[in-house]
Amino acid sequence: MLSPDVLPKFISIVGPERCKTSREDLLAYSYDAYVNEFLPDAVLLPKDTAEVAEIMKLASAQSVFVTPRGAGSGLGSGSLAKQGGVVLSFSMMNRILEINTANRYAVVEPGVVIGEFQRAVEKLNLFYPPDPGSANVATMGGSVVMNAGGMRGVKYGVTRDYVLGLEVVLPSGEVMQTGAITAKDVTGYDLTRLICGSEGTLALVTKVIVRLLPKPKTKRTLQAIYNSLDEAGNTVARIIEAGILPATLELMDKTIIKSLEDFLHLGLPLDAAAVLLIDVDGEPETVEKLANLVADFCKGQGARDVRVSQSEKENEQLWVARRAAFGAIARVRPTCIIEDATVPVSLLASAIKKILEVGERNRVQIAVLAHAGDGNLHPFFLCDHRDKEEMARVEKAMDELVDYAMSVGGTLSGEHGIGIAKSKYLPRQLSPASLSLMRGIKKTFDPQGILNPGSFLEHRA
Amino acid sequence: MIAKELKEEVYKCIKCGICLTPCPVYNLLRFEGASPRGRVQLIKKILEGKTELSENFQSLLFTCLLCETCTANCPSGLKTDRLMKTMRSVIQERLGTDRAKKMLGNFLRDRRRPPFFLFCERTRENLISSRKGRSELLADSGIPRPSSKTLRQQVPEVNAASEPRGKVLYFTGCATNYVYPNVGKSVIKVLNRLGVEVILPPGQMCCGLPLFQAGGREEALKNIRENLKLFNREDADTVVVDCAACGAALKKEYFLLLEEMGEDAKPAEELAKKVVDISQILVPSDLGGLLKPVPVRVTYHDPCHLGRSQGVREEPRNLLKRVPQLELVEMAGAEACCGGGAALPWEHPEVASGISRNKVQSIRETRATVVASGCPWCRRQIAENLDEKSIRLLHPVELIAEALGDT
């Protein structure tokens, strides 16, 4: 609980309108896109760095817990007030401050929605590749502290590959710059990359500098349609092995295809076992060649048909569909827990087999989606969180999947982060030395432990 | 109370947040309680008994345009708008209606009383008069004054065509009848010219939409039943509407509402089959040779109740394109709500005007001199925020009537 004299001080910083304390407002900040809920004691909506700094000065002086939040689209309670205190929402800090075409970088506030930023730079023939499925919801700040990946990871990498520098507010309230606007910078430890992926435990990001690429001239979207999930998985591994580099390489199984078709009526093949959604981009001639190459390749690997989109609009519709996958799956069951273990891509087909086997054994319905090109699996565990017995089976299935991923040199989480959803598995992947070093880093940034308490590092089995 | 099916509806929300960015209200206010996801989650908490209905919840629930953008964008097919509309009536039952809405209800349900548009006008003046004088406000508003004689007083019940080739019933709606009689005269003129007899069934009432959208479902039943009786006449199989909101009510809302209330929805289903928007009936018609040039630059705004509710998007555009020398330019975000939805301009005027700013900006960028839109609420809201007398706001059918000339 907040002590009663703290609240007026927060109000004096942001004003009464942007300090929310009603029951309804607190409830509205008690959830993200995962299942757990935690009620904060207050919600603050600062408008600039100065306000954030003031808030943190006060919070550290009074030992108030502060949890940062972007759009609340996370999948592991990372942005929830797990031990009470204040949720600091960046939704009102949402200006694009600069798009520098001469040096190909941009500076944005943390609350800018990724998709809106992508569209803004694309108007200037520039390109911001990180593209999480939730790009039209999630914020730039959120994607930086979660080091979001997404659909273009196979060719273009993830968020950390594009962050040049940050402005952050430390838990003490001190404002600090990291990195630079230049393409190269080896001055000191790479604090930018340390904060990127820190799940909001080290500092509050108030500005993000990202590098941009020239926008690829053309893009084609292909749908390779399979009668067997296994063959689809194998194709992916073969494409990567053959040195072909598509911009995206997504896999969806029949449950996902059906729920997307129910939503958008695009004529997706309802009788298929799997579809690979593949983008190729670049110069028109290259794209033409690459599209044919990929199409032939897929057919050679057992695709029963390959459809090539005929227009920009058709490309777009297919990606609208893919982005809606998580939401659309609620047509099947009310709760969806996404596992995002990642395996070496050569093992994709056997990993999918394993997923299905685990689901069957535990009587859990699993739909398979994957950023297949980089081995990043997204099995959707379809359930109803009101059913305790079913949830226990889901948990057991997840345990088994983690065991499998660990046994083949995979990782606990490819891109969604640990949060509280996977914190219990953390010692499975990180050695005691590594964990202790991480806790030391946390202590250096946040000696009082007021920033995002209850986060992944604090879980002790 | 709330229907069982709708209760289960809240569990379709997986909290993905796809509804946030497209929501005009969230985009402006930028806090979660003002987003569709926020409202759905609050409704869930209320239905689960984990929180109480409160005035603060009521205020959040009514900070909504009912523009249906969230419903259209929801991947899991959650009927967000149905949920919000139902909760509005639940909260009205539980917390009691505030006085202004109660008065509005009384006026809408009584055809002898002064028309509701007049009433709205006066309420608004009263509310704002502390800041602005009455005359100054009216001069500024750009809103047409209520006509001294209503449309139904100005034209006969039966408007016969010279060479009759069919007949339609015309649901005039309050706006056309009381404030925009020229829209009604245009409808009659154009249809007559095509050889269609236009009948205005006497005794027709307000469609009830402003009432049931504000939560007055029970109160709206009288209007709904009366209109169903009047327009399910055996002697005509087409009912023409020029107002997007009335059209949405007759085509869709009556049926859903009666069903949700556990009433007999059959007559509403019958009526829905007969109702067409004026643009839908005119597009396939043989207008081509009759239209004279109207050299204006026009941009078309999609009313929420026509585009999203009824799926009528291309017809008004195709109609306008048939007028020689009329140049139709698309504005950015033509389908985005103008801010005039539900009673937001009266509930939260500053939020409504904030939302209108984007629309006005898109309109200005087209350099059009006419904004065409088949919804009187949209035309009012845009006119009020456009603050530019050189841009005319017209119903597409008015342009068609103009192109037909005098003979």
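A residue is called buried here if 20 or more other C-beta atoms lie within 10 Å of its own, exposed if 12 or fewer do, and partly exposed in between, with C-beta atoms placed from the backbone. By this criterion, 52% of the 407 residues of chain B count as buried. The structure is a predicted model, in which local features need pLDDT of at least 70 and side-chain atom pairs count only at pLDDT 80 or more, while totals for chains, interfaces and linings use all residues. Residues are numbered from 1 along each chain as its sequence is written, and chains are lettered from A and ligands numbered from 1 in the order in which they are written.

The description of chain B may begin with its secondary structure. Helices (H or I, at least four residues) and strands (E, at least two) are DSSP runs, numbered from the N terminus. Chain B has 22 helices and 9 strands. Two residues are said to be in contact if their C-beta atoms, placed from the backbone, lie within 7 Å. Of the contacts in chain B between residues at least 6 apart in sequence, 77% join residues at least 24 apart.

Chain B is divided into domain 1 (4-95), domain 2 (151-282) and domain 3 (288-404), with bounds that come from an automatic or database domain assignment. Between domain 1 and domain 3 of chain B, the C-alpha centres lie 28 Å apart. Here 13 residues of domain 1 of chain B are in contact with 13 residues of domain 3 of chain B. On the domain 1 side, helix H2 (24-29) and helix H5 (69-73) of chain B are the elements that give two or more residues. The largest share of that side, 4 residues, comes from H2(B). For the composition, Ala, Val, Leu, Ile, Met, Phe, Trp, Tyr, Cys and Pro count as nonpolar, Asp, Glu, Lys and Arg as charged, and the others, Gly among them, as polar. The side of domain 1 of chain B that touches domain 3 of chain B has 10 nonpolar, 2 polar and 1 charged residues.

An open sheet of chain B has 4 strands in the order E7-E6-E8-E9, with parallel pairing; two strands pair if DSSP finds at least two bridges between them. Strand E7 (327-329) and strand E9 (392-394) of chain B stand at the edges with a single partner strand each, so one side of each is left without a neighbour in the sheet. From one strand to the next, the twist averages 30°. Strand E6 (residues 297-300) and strand E8 (residues 370-372) of chain B run parallel and are joined by 3 bridges. Within this pairing, Val298(B) stands opposite Val370(B) in E8(B).

A helix pair follows. Two packed helices are described by the angle between their axes and the distance between the axes. Axes are lines fitted to C-alpha atoms, for helices over the stretch in contact, and angles run from 0 to 180 degrees between N-to-C directions. Helix H20 (residues 349-366) and helix H21 (residues 376-386) of chain B pack at an angle of about 80°, with their axes 9 Å apart. H20(B) and H21(B) are therefore roughly perpendicular to each other; angles under 35 degrees count as roughly parallel, over 145 as roughly antiparallel, 65 to 115 as roughly perpendicular and the rest as oblique. The residues of H20(B) in this contact include Ala352(B), Val360(B) and Ile363(B), and those of H21(B) include Ile382(B) and Leu386(B). By class, the contact residues divide into 5 nonpolar, 4 polar and 1 charged.

Between the two chains, 26 residues of chain B are in contact with 29 residues of chain A. On the chain B side, helix H3 (36-47) and helix H4 (55-61) are the elements that give two or more residues, and H3(B) gives the most, with 4 residues. This side of chain B has 11 nonpolar, 10 polar and 5 charged residues.

In chain A, an open sheet of 4 strands has the order E1-E2-E4-E3, with mixed pairing. Strand E1 (19-20) and strand E3 (66-69) of chain A stand at its edges, each with a single partner strand, so one side of each is left without a neighbour in the sheet. E1(A) runs antiparallel to strand E2 (residues 42-44) of chain A, to which 2 bridges join it. The bridge partner of Lys20(A) in E2(A) is Val43(A). Helix H1 (residues 6-14) of chain A packs on this sheet, touching E1 and E2 of chain A, and its direction makes about 20° with that of E2(A).
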